[in-house]
Amino acid sequence: VQLQASGGGLVQAGGSLRLSCAASVSISSRSDMGWYRQTPGKQRELVAIITSDRSTNYANSVVGRFTISRDNAKNTVYLQMNSLKPEDTAVYYCYLVRRALSPKYDRDYWGQGTQVTVSS
């Protein structure tokens, strides 16, 4: 399984970016996808996740500004980031969990990071 993330870049505070993550496998069923981010010296933190039934969950710091969505036909998840702040600067990682019938057999996969830099 490969996850190809794209869409990062440099943007001014208040601007927008859209991240994309394309999976090399079908995500149409039993697949949760999400985005995490990490800054130097800190642990990776959850930004947003979308389940196979399209339930979503967001970090408190991005609620109302970020929107996660998925296109199962394209095996792709998106993260629309609006009203960006300098504290959103981080490497953003795409994440896929393939759900098994038993949770102990769940498998997770990570994409390469994409850098998002927000200037003040």
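1. Arg99 lies in the loop between strand 9 and strand 10 (107-110); strands are DSSP runs of E with at least two residues, numbered from the N terminus. The model is predicted, so local features need pLDDT of at least 70 and side-chain atom pairs count only at pLDDT 80 or more, while totals for chains, interfaces and linings use all residues. Residues are numbered from 1 along each chain as its sequence is written, and side-chain values use heavy atoms, with hydrogens and water left out.

2. Arg99 is partly exposed, at a relative accessible area of 35% (buried means under 20%, exposed over 50%, partly exposed in between, with a 1.4 Å probe and protein chains only).

3. The side chain of Arg99 makes polar contacts with the side chains of Asp32 (2.8 Å) and Asp106 (2.9 Å). A polar contact is a pair of N or O atoms within 3.5 Å; within protein, one must be able to donate a hydrogen and the other to accept it, and residues adjacent in sequence count only if both atoms are side-chain atoms.

4. Strand 3 (residues 17-23) is mostly covered, as five of its seven residues are buried. It pairs in the antiparallel sense with strand 1 (residues 3-6) over four bridges and with strand 8 (residues 76-81) over six bridges; pairing requires at least two DSSP bridges between two strands. Ser20 in strand 3 stands opposite Ser6, and Ala22 has Thr76 in strand 8 as its bridge partner.
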